[in-house]
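Please look over the sequence and the structure shown below before reading on. The text after them is meant to be read with both in view.

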Amino acid sequence: MRALDLAIIVVFLVGTPLLGIAIAGKQQSSSDYFVGSRKVPWWAVTFSVVATETSTLTVISVPTVAYLGNITYLQLAIGYLIGRVLVAFVLLPKYYAGDLVSAYGFLGKRFGSSMQGTASVTFLVTRLLADGVRLFATAIPVKVMLAVFGVDAPYWIIVAAIALMAVIYTTLGGIKAVIWIDVIQMGIYVLGAVFALVILTGKLPDGWLGAAFDAGKFQLFDFSSDVVTSHYAFITAVVGGALFAMASHGADQLMVQRLLACRNVKESQKAIIASGVVVFFQFALFLVVGTALWSFYKGLAPADMGMEASDELFPTFIVNELPSGLSGLLVAGILAAAMSTISSSLNSLSTSTVSDLYQRFSKRKLADSAILKHARVWTVVWAFVFIGFASLFTTTEQPVVELGLSIASYTYGALLGAFFLGMLVKRAREADAIVAFLSTVVVVAVFILGVEFTVDGEQKTLAFPWYVPLGVIVSLVVGGLLSLRHPKDTPDPTQPEQARAA
């Protein structure tokens, strides 16, 4: 890394918080802070959604997936697009009709505050764990970069520095600052990746593309009969990916909050469907990068090249092989990707804490100025908690993109199942929903941690794309059976009028 690279990174780190605050302007109300007063253009929300969901995991880990295997990971993107279309026409109209700022407000209106609180707490824990993985992923290239200068910085210090930059503009600028900085940050890392791919392919020998095809590196579809334990079997990836997308974009406050910042439901629908198309091509770009890296490094195992983790592959190439200036741009892009995710998480965590938990359980009617103050305070609190959670994942050898998706899937099935239960089972009441929710989390955990299947003489666990479908099925079966106790079409007398009318 040369002086120009370091200058680019420093300018980015200092300039991003200042730019975010300037773009967002002064936050006049809690509506400004939470959903940008619903005045954000749909195309900006599209890029913000993409930057938030893939960000560092795409830049760092998706190339690793292709390096170690092939591009069958792209099948997940097909499922993601199908799931987003379903969210656009099934869930988003309900959120806009209820004038909500939180995805879990729907569950509160349908079942009651206890169910809303249960879902919100689950979201908080899941988001901390899943995005803790993403934050750790960002520390990898920074650690590699610092090692060039002989500096062996602990991961937790790098994590703390990145979180600090993100919390500044998130606290002062709210969701508008987060979204507009996401748009800029996505442009940085995608542009940098395109330049990196051009230079990388220029370093490869003639015939590398044919050799990669012959080695099966460009295999897109996997019609394997092992649909239970294979992560990227076609049915597993598409069906699991579709339901995962419904949960992540329809039942996760991180994405729903962005979609609610659009002017109306039609613009929100355009934003989420367009994001699915962009994600497909973005995944394809980074998978091709991984395949090119496989040719560049001649398929050597990362450990044989002295790397501590497989996800150091692309960062190592960036630092050691790219020309001055472009290396700095790529590292800045990776930092941008991380900050977009962290800032998004901090804003959604504070929103859920204030709107779903604090106001409901304190039973205090707060003035709008007090809500805004609480939101900012909680943004800072969650930033400190985030640093601690990210430190839990500094020793993983699994590609972090798979680890992040697996963690999110632990509870996504229960969350999406609760929404389906509320929409499809009219008899279901709050107690039914809570029991079904908790039962789902337990069943999914048992399958993830304790159930193995014998495939070709080997013991394997359930493929992570099935976690969400399994959770949805358990939620509907348990909640549906419990609801049979109640007379048909009889309102729940224990719930407030708005919950019974929902």
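Residues are numbered from 1 along each chain as its sequence is written, and side-chain values use heavy atoms, with hydrogens and water left out.

The confidence of the model comes before its details. pLDDT is the predictor's confidence in each residue, from 0 to 100. The protein chain has an average pLDDT of 80, and 84% of the residues score at least 70. Over residues 496-502 pLDDT stays under 50, and the model has 12 contacts beyond four places in sequence for these residues; a contact means heavy atoms within 4.5 Å. Where pLDDT is low, the predicted coordinates should not be read in detail.

The secondary structure of the protein chain consists of 20 helices and 2 strands. Helices (H or I, at least four residues) and strands (E, at least two) are DSSP runs, numbered from the N terminus. Of the 502 residues in the protein chain, 60% count as buried. Buried means under 20% relative accessible area, exposed means over 50%, and partly exposed lies in between, with a 1.4 Å probe and protein chains only. The protein chain has an accessible surface of about 18,600 Å², and carbon and sulfur atoms account for 68% of this surface; the areas come from the Shrake-Rupley method with a 1.4 Å probe, and for residues only the protein chains shown count as cover. Among contacts between residues at least 6 apart in sequence, 86% join residues at least 24 apart.

Which residues touch the most other members of the largest nonpolar core? They are Leu107, Met115 and Phe314, in a core of 143 residues. A nonpolar core is a set of buried Ala, Val, Leu, Ile, Met, Phe, Trp, Tyr and Cys residues joined through side-chain atoms within 4.5 Å. The largest share of this core, 22 residues, comes from helix H9 (residues 155-202).

Not counting residues up to four places away in sequence, Met115 touches Leu107, Ala418, Glu430, Ala433, Ile434 and Phe437. Glu430, Ala433, Ile434 and Phe437 are among the buried residues of H18, which also include Asp432, Ala436, Thr440, Val444 and Ile448. Helix H18 covers residues 430-450, and at 1.5 Å a residue its 21 residues should span 30 Å, which agrees with the 30 Å between its end C-alpha atoms. The expected span of a helix is 1.5 Å times one less than its number of residues.

Phe314 belongs to helix H14, where Leu313, Phe314, Pro315, Thr316, Phe317, Ile318 and Val319 are buried. H14 is largely enclosed by the rest of the structure, because 7 of its 9 residues are buried. The loop between helix H13 (265-296) and helix H14 (313-321) holds Lys298. Lys298 counts as exposed, because its relative accessibility is 71%. Lys298 also has a positive phi of about 60°, although it is not a glycine. Most residues other than glycine have a negative phi.

Helix H11 (residues 234-250) has 17 residues that should span 24 Å at 1.5 Å a residue, and its end C-alpha atoms, 23 Å apart, agree with this. Thr229 lies in the loop between helix H10 (208-214) and H11. Is Thr229 buried or exposed? Thr229 counts as buried, because its relative accessibility is 8%. The side chains of Thr229 and Asp226 are joined by a polar contact of 2.5 Å. A polar contact is a pair of N or O atoms within 3.5 Å; within protein, one must be able to donate a hydrogen and the other to accept it, and residues adjacent in sequence count only if both atoms are side-chain atoms. Neighbours within four places in sequence aside, Thr229 is in contact with Phe453, Val455, Lys460, Thr461 and Ala463.

The last stop is Lys94, in helix H6 (residues 92-97). Lys94 counts as partly exposed, at 36% relative accessibility. Leaving aside neighbours within four places in sequence, Lys94 is in contact with Phe106 and Met423. Phe106 is found in helix H7 (residues 105-110), and is buried with a relative accessible area of 14%.
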